[in-house]
Amino acid sequence: MYTYCLECEWQATTVASETDAVASESAIEHFVETGHTVESVRLPPPAVILES
Ligand SMILES: [Zn+2]
């Protein structure tokens, strides 16, 4: 999950060891602190790298 702010440079990306809830929580925190609109994008699964 990639979470970013529409109004400033804030962003958060969850890594494999984190859950989506972590990104959601920090997004809510940013909204509460700043009143900014935060967008979330669910990243596609990692692409399989094919040997050519
Ligand atoms: Zn912001």
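Select Tyr4 to begin: this residue stands opposite Glu39 in strand 3. In strand 2, Tyr4 has Gln11 as its bridge partner. Strands here are DSSP runs of E with at least two residues, helices are DSSP runs of H or I with at least four, and both are numbered from the N terminus.

Before going on, note what is on the screen. The model is predicted, so local features need pLDDT of at least 70 and side-chain atom pairs count only at pLDDT 80 or more, while totals for chains, interfaces and linings use all residues. Residues are numbered from 1 along each chain as its sequence is written.

**The whole chain**

Show the chain as a cartoon. There are 1 helix and 3 strands, and along the sequence they follow the pattern β-β-α-β. Of the 52 residues of the chain, 12% count as buried. A residue is buried if 20 or more other C-beta atoms lie within 10 Å of its own, exposed if 12 or fewer, and partly exposed in between, with C-beta atoms placed from the backbone. Now consider contacts, meaning pairs of residues whose C-beta atoms, placed from the backbone, lie within 7 Å. Among contacts between residues at least 6 apart in sequence, 44% join residues at least 24 apart.

**The sheet**

Select residues 2–5, which form strand 1, and then residues 11–13, which form strand 2. These two strands pair in the antiparallel sense over 3 bridges; two strands count as paired if DSSP finds at least two bridges between them. A hairpin of 5 residues leads from strand 1 to strand 2.

In what order do the strands of the open sheet stand? The order is 2-1-3, with antiparallel pairing. Strand 2 and strand 3 are at the edges with a single partner strand each, so one side of each has no neighbour in the sheet. On average, neighbouring strands of this sheet are turned by 10° against each other, direction ignored. Such angles are taken between axes, which are lines fitted to C-alpha atoms (for helices over the stretch in contact); angles run from 0 to 180 degrees between N-to-C directions.

**The helix**

Next select residues 20–34, which make up helix 1. Helix 1 lies across strand 1, strand 2 and strand 3, and runs at about 165° to strand 3. From first C-alpha to last, the 15 residues of helix 1 reach 21 Å, close to the expected 21 Å. The expected span is 1.5 Å times one less than the number of residues.

Which residues of helix 1 are buried? They are Ala23, Ala27 and His30. They cover an arc of only 60° around the axis, which puts them on the same side of helix 1; the arc is that of the directions from the helix axis to the C-beta atoms. The buried residues of helix 1 pack against strand 1, strand 2 and strand 3. Turn the model to look at the other side of helix 1, where Ala21, Ile28, Glu29, Val32 and Glu33 are exposed.

Select Ser24, a residue of helix 1. Ser24 is partly exposed because 16 other C-beta atoms lie within 10 Å. Ser24 and Ala12 are 12 residues apart in sequence, and their C-alpha atoms are 9.2 Å apart in space.

Move to Ser40, in strand 3. Ser40 has 13 other C-beta atoms within 10 Å, so this residue is partly exposed. Along the chain Ser40 and Ser24 are 16 residues apart, and 8.2 Å separates their C-alpha atoms. Leaving aside residues up to four places away in sequence, Ser40 touches Met1, Thr3, Ala23 and Ala27.

Two stops remain. From Val15 to Met1 the distance is 8.2 Å, C-alpha to C-alpha, with the two residues 14 apart in sequence.

Thr19 also lies in the loop between strand 2 and helix 1. With 10 other C-beta atoms within 10 Å, Thr19 is exposed. The C-alpha atoms of Thr19 and Met1 are 8.5 Å apart, while in sequence the two residues are 18 apart.

Note on methods. Contact = placed C-beta atoms within 7 Å.
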